[in-house]
Amino acid sequence: MIFVPSWPKDMEPLLTRYVREPNCFTLDFYLQHEGYDGLKKALAQTPEQVVELVKASGLRGRGGAGFPTGMKWQFVDRKSTKPRYIACNADESEPGTFKDHLLMERNPHLLIEGCAIACYAIGAKVAYIYIRGEFFHVQHVLEHAIEEAYGRGFLGKNVLGSGFDCDIYIHRGAGAYEAGEETALLESLEGKRAQPRNKPPFPAVVGLYGSPTAVNNVETLANVPLILRHGAEWFAALGPEKNGGPKLYCVSGHVKRPGVYEASMNITLRELIERHAGGVGEGRTLKAVIPGGSSVPILMPDQLDIPASFDGVQKAGSLLGSAGIIVLDDTTCMVWLAENLLHFYRHESCGKCTPCREGTDWLHKILHKIESGVGQIGDLDLLSSISNNVAGKTLCAFGDAAVTPVLTTLKHFRHEYEAHIREGRCSLPADWRARQPVGVH
Amino acid sequence: MSFHPKMAYGATFHKSSRQLMEPGPPFAYTAERLARFETIVQRYPPDQRRSAVLPALYLVQDQQGYITANSMRYVAGLLGITPADVEDVVTYYTMFFTKPVGKFVLSVCRTLSCALNGAERVTEEIRAALGIDAGETDQTGTFTLLEVECLGACDRAPVIMINDAWQEHQRPEDVKRLLDDLRTRGEAALTGCHHVVERKQ
């Protein structure tokens, strides 16, 4: 069992410091370690001051887009007569991402405290935690923690005697990647298909039940109590400029020690992969890295000496996204990889926008054809043509995400595609793949 | 009948692939589940009962294993929406079954990180051991095999979700023993998510 094996040397872990303690998820343990101090400090200030503090800290959304959280809260329409809501996005479904799972399982009160502070800051009385259906065991932990928090007056009516009311409810999803998109999440919460809405209006103005809503990722909300406890300057100083605070990195794929690693965003991708995750297996060489979940462009081995920050990775031509780092060694066939990911996107496309619904299906069909050895050279242009007709032509970012694996593998590994077509077979069949080619589903 | 001499409407053309849902036996929640439903509905504003459709369907599935047309009508009545609204939701989300499934639903993650660590081989072994394809149930009604997309346990790949529990670090050579254990010991055979395991120690 491999589990947060070592801390990067440049920083003490903050979010995952106690995750290996046997009773770290209990309220008593949490209270012994500064638990709910952030909420107390928040309640002693005005909601506007809390928003200003989070703005000053520079906290950026950990769900993928990296949008400043304080700004998001400030945009919440305070003049509206409708109730306001916090929706916590715990629908962690991006391939290669598993950080929120760890946080909720091992440090549930940190998330609950973050939700309560967020509610106070935007003037909401109710927060919904939308958790993916597959995290049933995590849901039990959260439910128990919420019950504990109600029991000691951290939630419910008149929180800690401040006159502030706050309820947190868990809403279980039922298996839809698209529910991780903020407006699709709200649709799903309203009891409909998880399909995105047209933006604007943004959820901050018209969100859940037509009310002003802030949708925040689990890790984002978990950072909020730290800012309240130790201040905005302290938080901002933890990483490079505009990339402050602790960050959880998920390293998986062909590495010796896959797992969640917490570090400041000063750490480089190479350090994370080689020093902490142990690098690729014996006798293997590193072929490529997907740095931020399956939806972002590939980085080559010579591009890894960059800070693993939102801005650092973007400068290198990719995105940090949800910090799901997938490492690929030299046994990986890049055409197979694109086919595998397009199978995912084809399955998860919600079907609302035609370019994405039809495009992902065609891309998968063509990739499957090439991988099975019956591709033609003209298929490569067809792949880029379809991709360019999907990207930017859909309501949500799913379309752009879905074509990225195709465009990025075509850019860096066009020779592999050509070899498949020339030789009429997969030129890199690895022993970890199925012995029989997988049929079209 | 065809208005076009060369187009055979009816036979091949205009044939919808949509399958009507099985009506199933008449459906109503047990008293205990109805009480649970009533507490769940309280979480949402009174004019937004529809929000409880996912939990309501989970309760149906908990009671009879899968979702039928009759149960959808029942849920629609409880929530004050149309049966079509409920079917819309049921057919969209992957965790609702519209056909009976085996006692153990084996959902093997097939997305990248699991695949890089041999998930395809695991599925292949299960297929061979049970003589079924993905999406099918074996003859005894014990196992249903599904290939699902990313479960979010990429550091413990490959992972199989068995009903609601996770079985991690699965290797092709472990499959036979896992299936035998499930047959004899039921869900007690599962190790669960490693976070849970560590906590029990």
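In which loop of chain B is His169(B) found? The legend to Figure 1 gives the answer, and the figures that follow show further details of this predicted model.

Figure 1. His169(B) is found in the loop between β4 and α7 of chain B. With 16 other C-beta atoms within 10 Å, His169(B) is partly exposed. Asn163(B) is located in the loop between β3 and β4 of chain B. Asn163(B) is partly exposed, because 14 other C-beta atoms lie within 10 Å, a count between the limits of 12 for exposed and 20 for buried.

**Figure 2. The crossing of helices α6(B) and α7(B).** Helix α6 of chain B comprises residues 119-130, and helix α7 of chain B comprises residues 175-185. Their axes come within 9 Å and cross at roughly 55°, which means that α6(B) is oblique to α7(B). The crossing of the two helices is right-handed. On the side of α6(B), the residues that meet the other helix are Val122(B), Glu125(B), Ile126(B) and Ala129(B). Their counterparts in α7(B) are Val175(B), Lys176(B) and Leu179(B). Sorted by class, this contact has five nonpolar residues, two charged residues and no polar residues.

**Figure 3. The contact between chain B and chain A.** Chain B contributes 45 residues to the contact, and chain A contributes 51 residues. Several elements of chain B give two or more residues to the side that touches chain A, among them the helices α2 (53-64), α4 (83-92) and α8 (194-200), together with the strand β4 (165-167). The residues on this side of chain B divide into 24 nonpolar, 11 polar and 10 charged.

Figure 4. Asn117(B) is buried, because 24 other C-beta atoms lie within 10 Å and the limit for a buried residue is 20 or more. Leaving aside neighbours within four places in sequence, Asn117(B) is in contact with Trp432(A), Ala157(B) and Pro158(B). The C-alpha atoms of Asn117(B) and Val159(B) are separated by 9.7 Å, and these residues are 42 residues apart along the chain.

**Figure 5. Two cis peptide bonds, one ending at Pro158(B) and one joining Lys199(A) and Pro200(A).** In chain B, the peptide bond from Ala157(B) to Pro158(B) is cis, with omega near -10°. Pro158(B) is placed in the loop between β2 (143-148) and β3 (160-162) of chain B. In chain A, the cis bond between Lys199(A) and Pro200(A) has an omega of about -10°. Pro200(A) lies in the loop between α8 (182-189) and β4 (213-217) of chain A.

**Figure 6. Thr16(A) and the chain to which it belongs.** Thr16(A) lies in the segment before α1 (27-32) of chain A. This residue is buried, with 22 other C-beta atoms within 10 Å. Thr16(A) and Asn107(A) are 91 residues apart along the chain, and their C-alpha atoms are separated by 7.6 Å. Chain A as a whole has 16 helices and eight strands, and 57% of its 441 residues are buried. The radius of gyration of chain A is 22 Å, which agrees with the value near 22 Å for a compact globule of 441 residues.

Technical notes: Residues are numbered from 1 along each chain as its sequence is written. Chains are lettered from A and ligands numbered from 1 in the order in which they are written. This is a predicted model: local features need pLDDT of at least 70, side-chain atom pairs count only at pLDDT 80 or more; totals for chains, interfaces and linings use all residues. Helices (H or I, at least four residues) and strands (E, at least two) are DSSP runs, numbered from the N terminus. The radius of gyration is taken over C-alpha atoms; the globule rule is 2.2 Å times the number of residues to the power 0.38. Axes are lines fitted to C-alpha atoms, for helices over the stretch in contact, and angles run from 0 to 180 degrees between N-to-C directions. Angles under 35 degrees count as roughly parallel, over 145 as roughly antiparallel, 65 to 115 as roughly perpendicular and the rest as oblique. A crossing is left-handed if the near helix is turned anticlockwise from the far one by less than a right angle, and right-handed if clockwise. Two residues are in contact if their C-beta atoms, placed from the backbone, lie within 7 Å. Ala, Val, Leu, Ile, Met, Phe, Trp, Tyr, Cys and Pro count as nonpolar, Asp, Glu, Lys and Arg as charged, and the others, Gly among them, as polar.
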